[in-house]
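Student: I want to check the terms against the numbers. Can we go through them one by one?

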Amino acid sequence: MLAGDEAPDVPPPQGHHEIQQEELSRLFGRMAGARLVAIPPFLAIALWLAWAEPAPWRRPLLAVFLAGVVAFFVGEWLRWRRRGVTPGTVTRNLSVAVVGVTVICFATGGIASPFLYVSAVLGVVSGLFVPWPANGLLALFQVAAAWAFAAIATTGVLPRFNPASFGGGPGLAVPAAWSVTHAAVLSFVYVFAAGAGRAVRWSFDRMVLRTAAAQEDALRAHAEQAEELTALSAEIAHELKNPLASVKG
């Protein structure tokens with residue numbers, strides 16, 4: 001099970017793991033194809049930022065990052081086409097997604113980036129599909145990134161950190177209280193999202209296993225009743241055989 005760290009106390013029925021793996025492979029294939037569709041919009045945003053923002057560090061960062069992301073997306077899609085979903089596929093892909101969105105947030109303003117909303121959604125998704133302790137490490141990485149963004153915005157150590165296209169600029173002073181408050185709220189959101197994802201996944205797994213166990217109990221009871229009826233029919237036939245034989249004689 002994907003949630004093996006919090007596995008319910010109900011034993012899985014026969015064939016449960018195989019069905020779960022097939023459904024996960026089908027879902028991952030759809031997500032891999034959707035990521036390929038999302039590559040052109042990301043490239044367009046990167047090219048626009050590289051053209052509109054004069055910060056010297058932003059252009060090489062976006063170029064290297066987007067080249068790596070495109071190569072990873074295409075490679076994972078080809079891997080899925082050849083081998084399907086392997087045990088580490090989901091964890092690897094969601095880890096890269098969390099790191100990638102964090103880099104995008106860094107390149108688009110850090111604590112003021114509009115892409116922070118995507119990172120919160122990824123926190124819930126990683127809680128649903130990434131087992132412990134990898135899920136906890138991803139949540140800690142997001143929390144650390146939020147506080148790092150707040151520190152960079154407050155100290156101004158990186159020039160033109162917040163793009164002018166998103167409301168920033170080279171001479172814009174960011175109040176420390178604003179950055180700290182945003183980082184604190186983001187930390188709560190990331191931790192809550194990871195915990196909520198784990199809780200939902202645990203509850204869903206338990207519901208499925210309990211339903212399957214109840215179905216097995218019902219089938220077992222039906223089989224026992226069928227055996228009892230068969231034995232009773234045999235006994236009735238035996239009891240009727242002697243008087244019928246006498247009547248026939």
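Tutor: Start with residue classes: Ala, Val, Leu, Ile, Met, Phe, Trp, Tyr, Cys and Pro count as nonpolar, Asp, Glu, Lys and Arg as charged, and the others, Gly among them, as polar. This is a predicted model, where local features need pLDDT of at least 70, side-chain atom pairs count only at pLDDT 80 or more, and totals for chains, interfaces and linings use all residues. Residues are numbered from 1 along each chain as its sequence is written, and side-chain values use heavy atoms, without hydrogens and water.

Student: How do the residues of the lining of the largest pocket divide?

Tutor: Into 25 nonpolar, 3 polar and 1 charged. The lining has 29 residues, and among those nearest the pocket's centre are Arg 35 and Phe 73. Helix 1 gives the most, 10 residues.

Student: Why are helix 3 and helix 5 called roughly parallel?

Tutor: Angles under 35 degrees count as roughly parallel, over 145 as roughly antiparallel, 65 to 115 as roughly perpendicular and the rest as oblique. The axes of helix 3 (residues 89–107) and helix 5 (residues 134–155) cross at roughly 5°. Helix 3 and helix 5 are therefore roughly parallel.

Student: Which residues of helix 3 and helix 5 make the contact?

Tutor: Contact means heavy atoms within 4.5 Å. Those making it include Val 98 and Phe 106 of helix 3, and Phe 141 and Phe 149 of helix 5. The contact divides into 10 nonpolar, 4 polar and no charged.

Student: What is the peptide bond from Trp 132 to Pro 133, cis or trans?

Tutor: Cis, with omega near 10°. Pro 133 sits in the loop between helix 4 and helix 5.

How values were computed
Axes are lines fitted to C-alpha atoms, for helices over the stretch in contact, and angles run from 0 to 180 degrees between N-to-C directions. Helices (H or I, at least four residues) and strands (E, at least two) are DSSP runs, numbered from the N terminus. On a 1 Å grid over the protein atoms alone, a cavity is a set of points where a 1.4 Å probe fits but cannot get out, and a pocket is an open set with protein on both sides within 12 Å along at least five of seven lines; lining residues have an atom within 4 Å of a point.
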